[in-house]
Amino acid sequence: MSDSSRRGTVLPLRVELAIYFRLLAMQGSWNYETLNGTGIGFAIEPALRYLPGGIDGPAYRAALARESRYFNTHPYLAGIAVGALTRAELDGVESARLERFRTALAGPLGSVGDRLVWASWLPFCSLVAIGVYGAGGSAMAVVATFLLLYNAGHFLLRAWGLRIGLSRGLNVASALGNPVFRQGPQYIGSAAALVAGVALPLALQRVAGPGRALAGGILVTALIGILLLARLRERAQGWRIALGVLAVFVLYSVLT
Amino acid sequence: MTLLETLPLALLGALLGLDVVSFPQAMLSRPIVAATLAGAFIGNPAAGLTIGVVLEMIALDTLPFGASRYPEWGSAGVVGGALFAAQPSGMPGALPACLLATLLTASISGWSMVVLRRIIASRLERTRDRIEEGSRDALLSLHLSGMTMDLLRAGLVTTIAMLIFGPLVAAIVAIWGSESAPSHAVVVVIAAIVAGGALWKVFHSVRHVLWFFLGGLLVWTALLVTL
């Protein structure tokens with residue numbers, strides 16, 4: 001097959017589904033050497049079989065080796081890279097250009113994904129679930145709310161990324177200018193703050209149980225603690241402090 | 001708890017530990033889910049949910065950014081939910097003791113993920129030439145063995161944690177000296193501080209974030225007064 005006839009190769013739906021499914025497992029070989037690189041190779045592999053010569057051809061082997069090298073991305077946005085690289089490989093884009101594209105795309109995909117998913121969508125969904133618990137929700141209601149809400153965003157984002165990557169190829173960079181990426185963290189952050197104001201006290205009330213004898217003390221201590229931790233920001237890890245305080249308290253309660 | 005009794009929990013811990021990074025990252029491994037499921041395994045999902053919510057607040061402080069080292073909440077959530085659900089209800093020391101065991105498990109399990117990533121890197125080093133030649137078999141072998149090792153890692157962490165912390169937590173709960181209300185209060189204060197600090201760390205750059213938070217508090221106050 002010549003380069004020009006390969007251009008625009010349409011992948012069968014089952015191959016797109018295979019890539020999508022493999023994207024869910026793309027971090028299975030995550031390591032400190034190639035980060036997501038081997039995962040990208042793993043996800044893109046079903047499409048590379050459509051290169052001239054098939055699975056035993058030199059084009060397939062060269063592309064698989066190239067796509068398995070170092071790469072860093074947010075896992076949910078890896079579909080954008082995998083889709084774009086699939087399109088480019090099938091269109092016969094030259095190797096040097098592909099390398100430049102990989103280098104240029106990695107950083108933005110990581111930071112955009114971190115901001116949108118880990119620092120916005122995940123805490124927002126957690127807070128909504130915590131709020132459902134605080135409002136008296138059952139175990140099933142809380143877990144279902146969290147999983148359905150979170151994964152609606154998760155699976156759609158992955159599917160959109162793969163689709164946009166496959167359709168735009170190396171011109172995919174403009175997709176990162178999507179309003180969801182630019183404005184999403186701001187809006188989700190505002191919503192999360194609003195939900196936190198209702199959800200956290202409601203949930204803490206339910207955990208503390210009936211009786212308000214210690215409510216004032218809890219509130220004042222918590223506020224002081226939050227202010228101190230907020231001032232320390234990146235210099236302190238709250239969960240480590242929690243571990244230390246809890247260990248001391250357990251020790252005290254056992255020895256007295 | 002015997003080794004045989006921990007097997008179903010070990011399987012759950014293995015699957016949820018796999019979800020953290022390897023597959024499918026659907027956040028089944030968040031403590032609010034993992035602890036509740038483990039509680040349901042023991043026959044007490046409500047208890048699993050209670051400790052799951054507290055852990056979820058603490059987990060807000062450890063979002064899984066890139067290559068950073070963070071606690072592994074999947075297996076730890078299973079351990080926490082199972083331990084707390086197995087305690088007799090109304091025991092004042094149950095929540096703090098189980099929470100401590102869970103945080104220790106999460107920390108150790110996080111370390112085990114770092115070890116796993118190093119092992120995968122060393123396996124990659126051994127097969128690098130074949131992968132550079134475009135060997136499909138070498139790539140698939142590396143990838144699938146990485147996932148298998150992650151599954152085993154999480155199952156092993158869950159089993160060992162249950163075998164160690166099961167009797168230890170029961171002993172702590174039996175000789176617990178503090179009263180119920182202060183014991184729960186300490187846990188609530190810790191969860192509130194860590195969650196509040198974490199949310200500030202994540203959202204402090206959002207415009208008018210404090211106003212939104214205060215708006216939420218106002219809604220809570222209204223609910224408190226009217227209900």
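User: Which residues in H4(B) meet which residues in H5(B)?

Analyst: In this predicted model, the H4(B) side consists of Trp73(B), Ser75(B), Ala76(B), Val79(B), Gly80(B), Leu83(B) and Phe84(B). They meet Ala94(B), Leu95(B), Cys98(B), Leu99(B), Ala101(B), Thr102(B), Thr105(B), Ala106(B) and Ser109(B) in H5(B).

User: How do the residues of the contact of H4(B) with H5(B) divide into nonpolar, polar and charged?

Analyst: Eleven are nonpolar, five are polar and none is charged. Gly80(B), which belongs to the H4(B) side, goes with the polar residues because Gly is counted there.

User: What makes H4(B) roughly antiparallel to H5(B)?

Analyst: Helix H4 (residues 73-86) of chain B packs against helix H5 (residues 94-132) of chain B at an angle of about 160 degrees. Angles over 145 degrees count as roughly antiparallel, so the pair H4(B) and H5(B) takes that description. Their axes are 8 Å apart, and the crossing is right-handed.

User: Why give both an angle and a distance?

Analyst: Because two packed helices are described by the angle between their axes and the distance between those axes.

User: What elements does chain B have?

Analyst: Chain B has eight helices and zero strands. From the N terminus on, the order is α-α-α-α-α-α-α-α. Its C-alpha atoms fill a box of roughly 70 × 50 × 25 Å along the principal axes. Of the 227 residues in chain B, 58% are buried. Among contacts between residues at least 6 apart in the sequence of chain B, 77% join residues at least 24 apart.

User: Why is Leu116(A) called buried?

Analyst: Leu116(A) has 23 C-beta neighbours inside 10 Å. The cut-off for a buried residue is 20 or more, so Leu116(A) counts as buried. Leu116(A) is found in helix H6 of chain A.

User: Which residues does Leu116(A) touch, not counting those up to four places away in sequence?

Analyst: Leu116(A) touches Trp121(A), Phe181(A), Gly184(A) and Pro185(A). Gly184(A) is 68 residues from Leu116(A) along the chain, with 6.6 Å between their C-alpha atoms.

User: How many residues of chain A are in contact with chain B?

Analyst: On chain A 83 residues take part, in contact with 92 residues of chain B. The elements giving two or more residues to the chain A side include helix H3 (37-48), helix H6 (95-134) and helix H8 (179-208) of chain A. H8(A) gives the most, with 17 residues.

User: How do the residues of that side of chain A divide?

Analyst: The side of chain A that touches chain B has 54 nonpolar, 24 polar and five charged residues.

Key: Residues are numbered from 1 along each chain as its sequence is written. Chains are lettered from A and ligands numbered from 1 in the order in which they are written. This is a predicted model: local features need pLDDT of at least 70, side-chain atom pairs count only at pLDDT 80 or more; totals for chains, interfaces and linings use all residues. Two residues are in contact if their C-beta atoms, placed from the backbone, lie within 7 Å. Helices (H or I, at least four residues) and strands (E, at least two) are DSSP runs, numbered from the N terminus. Axes are lines fitted to C-alpha atoms, for helices over the stretch in contact, and angles run from 0 to 180 degrees between N-to-C directions. Angles under 35 degrees count as roughly parallel, over 145 as roughly antiparallel, 65 to 115 as roughly perpendicular and the rest as oblique. A crossing is left-handed if the near helix is turned anticlockwise from the far one by less than a right angle, and right-handed if clockwise. A residue is buried if 20 or more other C-beta atoms lie within 10 Å of its own, exposed if 12 or fewer, and partly exposed in between; C-beta atoms are placed from the backbone.
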